[in-house]
Amino acid sequence: MSDELKVIEETVLKDYKYGFVTDIEADEAPKGLNEDIVRFISAKKNEPEWMLEWRLKAFRHWLKMTEPNWANIKYPPIDYQDIIYYSAPKQKAKPKSLDEIDPELRKTFEKLGISLDEQKRLSGVAVDAVIDSVSIGTTFKTQLAELGIIFCSMSEAIREHPELVRKYLGSVVPMTDNYFSALNSAVFSDGSFCYIPKGVRSPMELSTYFRINAENTGQFERTLIVAEEGSYVSYLEGCTAPMRDENQLHAAVVELIAMDNAEIKYSTVQNWYPGDKQGNGGVYNFVTKRGMCQGRQSKISWTQVETGSAITWKYPSVILKGDHSAGEFYSVAVTNNHQQADTGTKMLHVGKNTKSRIVSKGISAGFSNNSYRGLVHVGKNALNARNFSQCDSLLLSDKCGAHTFPYIEVKNNSAVVEHEATTSKIGEDQLFYCNQRGIDTEAAIALIINGFAKEVMNQLPMEFAVEAQKLLAISLEGSVG
Amino acid sequence: MLTIQDLHAGVEGKEILKGINLEIKPGEVHAIMGPNGSGKSTLASVLAGRNDFTVTSGSVEFMGKNLLELSPEARAGEGIFLAFQYPVEIPGLSTINFVKASVNEVRKYRGEQPLDAVEFLKLMKEKMALMNIDQSLLRRSLNEGFSGGEKKRNEVFQMAMLKPRLAVLDETDSGLDIDAIRIVANGVNALRNKDNAVLAVTHYQRLLDYIIPDFVHVLYNGRIVKTGPKELALELEERGYDFIKNEINVGEEV
Ligand SMILES: Nc1ncnc2c1ncn2[C@@H]1O[C@H](COP(=O)(O)OP(=O)(O)OP(=O)(O)O)[C@@H](O)[C@H]1O
Ligand SMILES: [Mg+2]
């Protein structure tokens with residue numbers, strides 16, 4: 001093997017720069033999971049009775065389910081009794097405004113590049129900051145409220161907007177949908193709620209930043225976005241976690257609902273701790289994300305840049321129910337060292353004249369395993385459905401794996417479904433060409449992968465795109481020489 | 001500026017360069033000709049630092065430094081530029097971004113500040129005009145779907161952007177139409193001055209009508225077997241390589 005390939009082989013994660021731990025007292029549930037824990041969480045959040053009942057129902061259902069094993073991932077059994085299901089930073093009193101947030105927590109987010117200071121924020125982004133099981137603050141709430149936009153933590157939404165939450169929670173991802181969504185439904189802690197009223201275009205990006213801090217703690221957030229007729233919102237999600245030797249479980253559920261002519265653009269930059277070079281530690285990321293194009297001509301578009309987590313199990317999907325609705329999935333998944341990703345999407349064509357587009361770019365390095373798994377389903381009545389899928393894999397080592405599992409089910413023969421797939425390796429020719437132009441191998445790899453992932457990166461909002469590009473490079477940066 | 005002494009290089013189990021000697025001084029143009037497979041591209045690659053080839057003996061000195069010890073990117077920083085016989089495609093990476101990274105990395109090596117967007121654009125416009133290249137081409141992915149001629153022109157455009165001390169052109173004239181040869185040659189000539197040099201690998205006399213060489217070398221079977229003035233290129237064009245092969249064979253028999 002040539003030296004250049006060896007450099008790539010030796011490519012290791014630069015020290016994960018978000019791996020610090022905030023030393024802050026936490027209010028925690030005892031380890032383990034039973035009905036009392038579910039009640040404990042609900043009580044901590046002052047939830048109404050209906051919410052508790054909903055959680056308990058989910059919990060009882062979960063008990064009867066078994067963990068799925070069809071994904072192309074391997075991990076030791078998860079001991080669900082060895083996890084803490086609720087952990088909240090102890091704050092003296094619940095902060096009434098952003099100014100009252102514990103300085104320690106404020107600092108944590110500043111270190112992550114997230115300022116909770118409205119003056120300092122990019123004016124185009126409103127943030128909900130979630131640490132472990134609770135949201136500690138949401139910026140720009142008042143400005144948004146003037147337009148009728150509700151943007152708050154899920155806990156607050158349950159208390160303040162129960163009619164909306166009751167109507168939509170679980171309407172896209174039923175609590176019984178799968179093992180992890182049932183678990184989430186029982187113990188979900190916090191997350192964000194967005195409601196965009198009829199005809200309103202959100203004037204800024206809404207974003208939630210998730211941070212796991214406490215040890216042995218699972219994070220189970222729940223996000224719900226409802227876009228009423230003719231509205232538009234672009235929502236961003238970012239996440240990090242400390243470096244820990246043991247694995248941490250993250251099982252989120254995200255539900256999106258778009259009414260007639262509404263559009264939701266949901267972007268994620270997932271950077272949970274991926275574990276060390278030997279594959280110790282790291283976050284197990286089992287996430288259910290689904291959008292419902294409920295209305296005519298509605299549109300939901302998922303964009304994800306997945307660089308973190310030891311294991312990623314995630315299939316952001318769209319149910320194209322409304323006639324003329326459109327769904328998109330743009331994904332870059334990077335795996336390095338011993339990371340494993342099994343990710344993709346489901347596009348379920350139900351209404352007439354629906355369209356979907358899938359662009360998946362997998363980048364694998366080290367000993368990692370990267371799988372694309374996608375389903376395009378065209379129902380009996382889905383006249384004139386259109387789908388285009390492009391799944392490209394780029395390999396950076398000869399010990400990593402890249403797999404594509406495209407499933408196509410067509411029940412209406414007016415459908416046009418196209419699938420293209422390529423696998424390539426970063427060529428020594430490409431690296432030498434860059435080297436000859438003065439660009440070292442590390443920088444060359446960054447240029448090449450950013451080129452490879454460009455179509456997806458272009459979908460990200462500007463503020464995010466730059467960060468995400470750097471992140472891609474960092475995840476694959478090697479210690480050359 | 002460049003001194004090659006008794007250079008032997010090859011791939012595992014096969015010697016390709018079998019003792020090359022070559023001296024290039026600032027301001028000079030050297031042409032290398034020779035039959036297919038004689039080792040011309042290998043020589044160019046070894047100078048640029050491609051590690052597919054192992055140097056088994058000999059030395060290469062460039063501007064007082066031992067070139068063989070330097071990484072390919074350091075050689076670029078020192079001012080060696082290779083216009084590839086087969087330029088490489090990088091999907092998704094725009095030519096502009098690539099060239100910008102290249103220019104700024106080379107500047108960094110030389111301890112210079114990176115060019116800001118305005119300065120870069122100005123330089124780029126100037127060199128685009130020189131090479132008669134359209135901006136739309138530079139916005140496209142590097143070399144992807146470029147025609148043969150566009151690829152070659154893009155190589156010389158990059159050379160113009162980097163202002164190398166030693167430009168090694170590996171068959172930059174192959175596949176060019178008559179007008180494009182003139183453009184490429186003009187581009188190369190515009191960059192010439194008393195401090196830099198050109199090593200042009202070519203099969204055709206045509207290029208040398210425009211880029212007039214001080215020396216023409218014939219590479220055959222891994223060795224420079226004949227060196228002469230520019231007229232040698234004409235003679236080769238007329239008579240082919242056979243007369244040289246015969247000369248050598250006669251020589252070896254003696
Ligand atoms: N990586 C390699 N592995 C094995 N053989 C090689 C390799 N690279 C070059 N060679 C061989 O070395 C010899 C010289 O090749 P080179 O490309 O230098 O020739 P050239 O003079 O540039 O020819 P052309 O005029 O066709 O471009 C050829 O026989 C070629 O097959
Ligand atoms: Mg050649």
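A polar side-chain atom of Lys14(B) sits 3.2 Å from an oxygen atom of ligand 1. The model is predicted. Gly37(B) brings a backbone N or O atom to 2.8 Å from an oxygen atom of ligand 1. Gly39(B) places a polar backbone atom 3.0 Å from an oxygen atom of the ligand. The protein covers 65% of the 640 Å² of accessible area that ligand 1 has on its own.

Which elements give two or more residues to the shell around ligand 1? They are strand 2 (14-24) and helix 1 of chain B. Helix 1 of chain B gives the largest share, 3 residues. The shell around ligand 1 has 15 residues, of which Gly37(B), Lys40(B), Ser41(B), Thr42(B) and His203(B) come nearest.

Ser41(B) lies in helix 1 (residues 40-48) of chain B, and Gln85(B) lies in the loop between strand 6 (80-83) and strand 7 (90-94), so the pair ties together parts that are 44 residues apart in sequence. Gln85(B) counts as buried, at 16% relative accessibility.

Elsewhere in chain B, take Thr172(B). This residue is in the loop between strand 9 (166-170) and helix 7 (178-191). Its relative accessible area is 3%, so Thr172(B) is buried; the cut-off is under 20%. Leaving aside residues up to four places away in sequence, Thr172(B) touches Ala83(B), Lys152(B), Val156(B), Val184(B) and Val201(B).

Now turn to chain A. The chain holds 12 helices and 23 strands. Of its 481 residues, 64% count as buried. Among contacts in chain A with a separation of 6 or more, 83% join residues 24 or more positions apart. The accessible surface of chain A comes to about 17,900 Å², and 49% of that belongs to carbon and sulfur atoms.

Gln339(A) gives a local view of this chain. The residue is found in the loop between strand 17 (326-335) and strand 18 (340-349). At 4% relative accessibility, Gln339(A) counts as buried. What lies around its side chain? A polar atom of the Gln339(A) side chain lies 3.0 Å from the backbone oxygen of Thr307(A). The backbone oxygen of Ser309(A) lies 2.9 Å from a polar atom of that side chain. Residues that Gln339(A) touches, not counting those up to four places away in sequence, include Gly308(A), Ala310(A), Pro274(A) and Val334(A). Ser368(A) and Asn369(A) are also among them.

Phe405(A) is another stop in chain A. This residue is in strand 22 (residues 401-410). Phe405(A) counts as partly exposed, at 27% relative accessibility. Which residues does Phe405(A) touch, not counting those up to four places away in sequence? They are Asn72(A), Ser371(A), Tyr372(A), Arg373(A) and Gly374(A). Phe405(A) and Gly374(A) are 31 residues apart in sequence, yet their C-alpha atoms are 6.4 Å apart in space.

Note on methods:
Residues numbered from 1 in each chain as written. Chains lettered and ligands numbered in written order. Predicted model: local features only at pLDDT ≥ 70, side-chain atom pairs only at ≥ 80, totals over all residues. Heavy atoms only, no water. Helix = DSSP H or I, 4+ residues; strand = E, 2+ residues; numbered from the N terminus. Buried < 20%, exposed > 50% of the residue type's maximum accessible area, 1.4 Å probe, protein only. Contact = heavy atoms within 4.5 Å. Near = heavy atom within 4 Å. Polar contact = N/O pair within 3.5 Å; in protein donor to acceptor, adjacent residues only side chain to side chain. Areas by Shrake-Rupley, 256 points an atom, 1.4 Å probe, with all protein chains shown as cover.
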